[in-house]
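Thanks for asking me to look at this one with you. Here are my notes, point by point, to read alongside the model.

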Amino acid sequence: MPRLFTALGLPPEIAAGLAPFRGGLQGARWIEPSDHHVTLRFLGNVPVALAEDAVEALSEMRARPALEVVLDGLSVFGGDKPRALLASVAANADLMDLQAEQERLIRRAGAEPERRRFVPHVTLARLRREATPETVAMYLSQAPIFTPLRFSATQVVLYSARDSTGGGPYVAEAAFPFA
């Protein structure tokens, strides 16, 4: 069963702009810049038939102009048990509409509804137990100033991932241009 998700890929120059934030955090397993993305809809491990139906449904995505995406800061998922360091993405109506459309299309293909609230972000590192709330807070307080990074997304990509560790490498299985 493939492990799938839809996402906006980051242009290489934007991924390179995140490089100053790599390193210096104990317990971090850094995501390769070539694997940075903004997840829209995680499908998980799905039967091949559902994967094929998802590709068909996603091909019916409506036309739209390029989507402006802004990475606007550093954050962490997990609170008292930090599990991921991320670059937050400024939510906007167009991005939220795209994500809602992804949810509708994937559900129409037969997937279960997504239970988690959509929080747009780019995962920079997965955190192990050694990354305590204190070490993460120290890292964030000493990190370089985050200058917003902007790019125009022109397509949604269906990616597959290894099901063992997460964090890549990811394979682009199909692309769905906006126009």
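1. Strand β4 (residues 67-77) and strand β7 (residues 149-153) pair in the antiparallel sense, with five bridges between them. Pairing here needs at least two DSSP bridges between the two strands. Within this pair, Val69 sits opposite Phe151 of β7. Helices are DSSP runs of H or I with at least four residues, strands are runs of E with at least two, and both are numbered from the N terminus.

2. A word on the basis: this is a predicted model, in which local features need pLDDT of at least 70 and side-chain atom pairs count only at pLDDT 80 or more, while totals for chains, interfaces and linings use all residues. Residues are numbered from 1 along each chain as its sequence is written, and side-chain values use heavy atoms, with hydrogens and water left out.

3. What does β4 do with β5? Six bridges join β4 to strand β5 (residues 84-89), and the two run antiparallel. Leu71 stands opposite Val89 in β5, and Ser75 faces Leu86 in β5. The two strands form a hairpin with six residues between them, and Gly78 in the turn has a positive phi of about 120°.

4. These strands belong to an open sheet of five, ordered β2-β6-β5-β4-β7 with antiparallel pairing. Its edge strands are β2 (28-30) and β7, each pairing on one side only. On average, neighbouring strands of this sheet are turned by 35° against each other, direction ignored. Helix α4 (residues 133-142) packs on the sheet and touches β2, β4, β5 and β6 (121-127), with its direction at about 135° to that of β4. Contact means heavy atoms within 4.5 Å; axes are lines fitted to C-alpha atoms, for helices over the stretch in contact, and angles run from 0 to 180 degrees between N-to-C directions.

5. There is also an open sheet of four strands, in the order β3-β1-β8-β9, again with antiparallel pairing. At its edges stand β3 (37-45) and β9 (170-177); each has a single partner strand, so one side of each has no neighbour in the sheet. Strand β1 (residues 3-9) pairs with strand β8 (residues 155-161) in the antiparallel sense over five bridges, and Ala7 stands opposite Val157 in β8. Lying across β1, β3 and β8 is α3, which runs at about 15° to β3.

6. How do α2 and α3 pack? Helix α2 (residues 48-58) and helix α3 (residues 93-108) make an angle of about 135°, with their axes 8 Å apart. The pair is therefore oblique (under 35 degrees would be roughly parallel, over 145 roughly antiparallel, 65 to 115 roughly perpendicular, and the rest is oblique). The contact is made by Ala54, Ala57 and Leu58 of α2 with Gln102, Leu105, Ile106 and Arg108 of α3.

7. Stepping back, the protein has four helices and nine strands, and from the N terminus on its elements run β-α-β-β-α-β-β-α-β-α-β-β-β. The radius of gyration is 16 Å, close to the 16 Å that the globule rule gives for 179 residues, so the protein is as compact as a globular protein of that length. That radius is taken over C-alpha atoms, and the rule is 2.2 Å times the number of residues to the power 0.38. Along the principal axes, the C-alpha atoms fill a box of roughly 45 × 35 × 25 Å.
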